[in-house]
Amino acid sequence: MMTVIVLSGPIGAGKSSLTSLLAEHLGTQAFYEGVDNNPILPLYYKDMAHYTFLLNTYLLNHRLAQINQAIRDHNSVSDRSIYEDALFFKMNVDSGIADPTEFKIYDSLLENMMEQAPGNPSKKPDLLIYIHVSLDTMLHRIQKRGRTFEQLSTDPGLKDYYARLLSYYEPWYEKYNASPKMMIDGDKYDFVADEEARKEVISTIDQKLTDLGNLN
Ligand SMILES: Nc1ncnc2c1ncn2[C@@H]1O[C@H](COP(=O)(O)OP(=O)(O)O)[C@@H](O)[C@H]1O
Ligand SMILES: Nc1ncnc2c1ncn2[C@H]1C[C@H](O)[C@@H](COP(=O)(O)O)O1
């Protein structure tokens with residue numbers, strides 16, 4: 001049985017952590033964003049106006065390669081969905097950082113790449129798991145993880161950027177309908193350090209997969 005799961009949620013929500021736990025629990029392959037190997041990301045944080053288009057084109061290529069691999073492997077968990085990049089890009093357009101024409105080109109490229117040609121496997125996941133967190137939790141975890149370019153001490157303006165990003169996530173999740181979906185409360189459950197919380201989260205996800213017929 002094929003089970004392709006994607007995690008979603010704001011920066012520092014716990015996507016990579018839950019990806020590892022879930023992949024281990026289900027005995028499936030984990031796919032990560034590869035932040036440390038991304039040559040554009042540090043440039044993006046220094047100059048978002050200049051690098052939004054390039055970063056998103058880079059990520060589109062990277063995520064499509066992962067999706068194709070995930071489909072070939074049948075079972076997988078990925079630490080961020082391809083559907084969230086347009087959220088970042090659109091937010092930057094709305095706040096005057098990114099160019100609307102560049103967004104149109106990106107969006108149409110995304111649409112073409114995701115189109116299902118006859119005979120091609122579906123690029124949609126079997127389940128999208130969204131981790132919801134508050135701004136306080138998000139900021140705390142970003143600081144805890146310690147990537148230099150994401151720190152408020154590097155750029156205090158990032159606090160507004162993170163708050164805006166959170167405000168885009170909730171409506172995005174409500175509208176998302178490409179696959180079945182579920183939400184995990186990332187404020188309530190410390191699935192990294194608390195064994196009981198971890199069991200509860202995994203069991204909720206197992207139940208959802210069972211309800212969907214993806215787990216025996
Ligand atoms: N539910 C959680 N409770 C407590 N700490 C967490 C939780 N999820 C993640 N963390 C911690 O927060 C930081 C960011 O987590 P990570 O999984 O890298 O987030 P993301 O992939 O969403 O950016 C890490 O230091 C991780 O150990
Ligand atoms: N599409 C994107 N636009 C801007 N920034 C992005 C995009 N996708 C990921 N990012 C950034 C956000 C974080 O700094 C890193 C990795 O995300 P994480 O949530 O920590 O896995 O890349």
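Which residues are closest to ligand 2, and how many surround ligand 2? This is a predicted model: local features need pLDDT of at least 70, side-chain atom pairs count only at pLDDT 80 or more, and totals for chains, interfaces and linings use all residues. Residues are numbered from 1 along each chain as its sequence is written, chains are lettered from A and ligands numbered from 1 in the order in which they are written, and side-chain values use heavy atoms, without hydrogens and water.

**View 1. The shell around ligand 2.** Ligand 2 is surrounded by 17 residues, each with a heavy atom within 4 Å of the ligand. Lys15, Glu33, Tyr45, Arg80 and Glu150 are the closest. The shell holds eight nonpolar, one polar and eight charged residues. Here Ala, Val, Leu, Ile, Met, Phe, Trp, Tyr, Cys and Pro count as nonpolar, Asp, Glu, Lys and Arg as charged, and the others, Gly among them, as polar. Helices H2 (41–46), H3 (48–73) and H4 (85–94) each supply at least two shell residues. H3 gives the most, with four. Helices (H or I, at least four residues) and strands (E, at least two) are DSSP runs, numbered from the N terminus.

**View 2. Polar contacts of ligand 2.** Such a contact is a pair of N or O atoms within 3.5 Å. In the side chain of arginine 80, an N or O atom lies 2.5 Å from an oxygen atom of ligand 2. For lysine 15, a polar side-chain atom is 2.6 Å from an oxygen atom of the ligand. Asparagine 56 places a side-chain N or O atom 2.8 Å from a nitrogen atom of ligand 2. On its own, ligand 2 has 480 Å² of accessible area, and the protein covers 98% of it (Shrake-Rupley method, 1.4 Å probe).

**View 3. The shell around ligand 1.** Ligand 1 has 15 residues around it; Lys15, Ser16, Ser17, Arg145 and Tyr189 are the closest. Six are nonpolar, four polar and five charged. Helix H1 (15–26) and helix H6 (135–145) each supply at least two of the shell residues.

**View 4. Polar contacts of ligand 1.** Aspartate 190 has a side-chain N or O atom 3.0 Å from a nitrogen atom of ligand 1. Arginine 141 brings a polar side-chain atom to 3.1 Å from a ligand nitrogen. For lysine 144, the distance from a polar side-chain atom to a nitrogen atom of ligand 1 is 3.5 Å. Ligand 1 alone exposes 560 Å², of which the protein buries 88%.

Conventions: A polar contact is a pair of N or O atoms within 3.5 Å; within protein, one must be able to donate a hydrogen and the other to accept it, and residues adjacent in sequence count only if both atoms are side-chain atoms.
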